[in-house]
Amino acid sequence: MASGLTFDQFLLILRIAMIAVLYLFILQVVLVSRRDLKFAVQYQSAQPAKQIIGHLTVMDSGTTKLNPGKRFDIFTDMTLGRGPTNTVILESTVVSGENTRIYYENKSLWVEDLGSKNGTFVNEQRLTSPRALKLNDVVRVGDVRFKVTA
C-alpha cells in the first residue's frame, strides 16, 4: 500500500480549505462593515444638528418662480445662489452661482457677498464686507428681496 494522499483526497482537502478561506473573507467583510457603521453612527451623532436661527421671507421674487411670502429657514451656515449646491437655490440669471452666505457667529447672524456680479444688499446698501443682520432687515440677492424674520 502506498503512503500519501490520493488525488481525490487532495482535491477534497483543497475544496475544504477554499471554503474555509471564503468564510474567513466573508467574516472579515462583515466585521469591517460593522465597525464602519458603528463609526458612522457615532460621527453622525457627534455632528451638531442644523440649528434654525430665523427665517428669510420672500418679499419680492424678482425673475424667479418663488411666491412672495415663502419662508426659508436660516441655518447656522447657508448659501444662496443659482447653483445646485446652495442651501437656497434662486433660479434667476441675475443671481450668481454662489451669491450670498449667511452664517451664525459670535451670537450674531451675519451676511456676506461671495464675490457675485450683481452684489448682495442689506436695506439697499451694497455689502463690501460681512455685516451683522437684525430682525426685519431686507436682504436683496440679485433681484430677489427677503425679509429677516424670527
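There are 4 salt bridges in this structure, a salt bridge being a side-chain nitrogen of Lys or Arg within 4 Å of a carboxyl oxygen of Asp or Glu. Keep in mind that this is a predicted model, where local features need pLDDT of at least 70, side-chain atom pairs count only at pLDDT 80 or more, and totals for chains, interfaces and linings use all residues. Residues are numbered from 1 along each chain as its sequence is written, and side-chain values use heavy atoms, with hydrogens and water left out.

**The network around Arg101**
- Asp77, Arg101 and Glu112 are tied together in a network of salt bridges.
- Arginine 101 pairs with aspartate 77, their closest N and O atoms sitting 2.9 Å apart.
- That pair links distant parts of the chain, 24 residues apart: arginine 101 is in strand S5 (residues 100-105) and aspartate 77 is in strand S3 (residues 77-81). Strands here are DSSP runs (E, at least two residues), numbered from the N terminus.
- Arginine 101 also bridges to glutamate 112, with 3.1 Å between the closest N and O atoms.
- Here the link runs from strand S5 to strand S6 (residues 108-113), which holds glutamate 112, and the two residues are 11 residues apart.

**Buried or out in the open**
- Buried means under 20% relative accessible area, exposed over 50%, and partly exposed in between (1.4 Å probe, protein chains only).
- Glutamate 112 is buried at 18%, while arginine 101 is partly exposed at 25% and aspartate 77 is partly exposed at 42%.

**The Asp36 pair**
- Aspartate 36 makes a salt bridge with arginine 35, the closest N and O atoms being 3.4 Å apart.
- Aspartate 36 is partly exposed at 40%, and arginine 35 is exposed at 54%.

Technical notes
Helix = DSSP H or I, 4+ residues; strand = E, 2+ residues; numbered from the N terminus.
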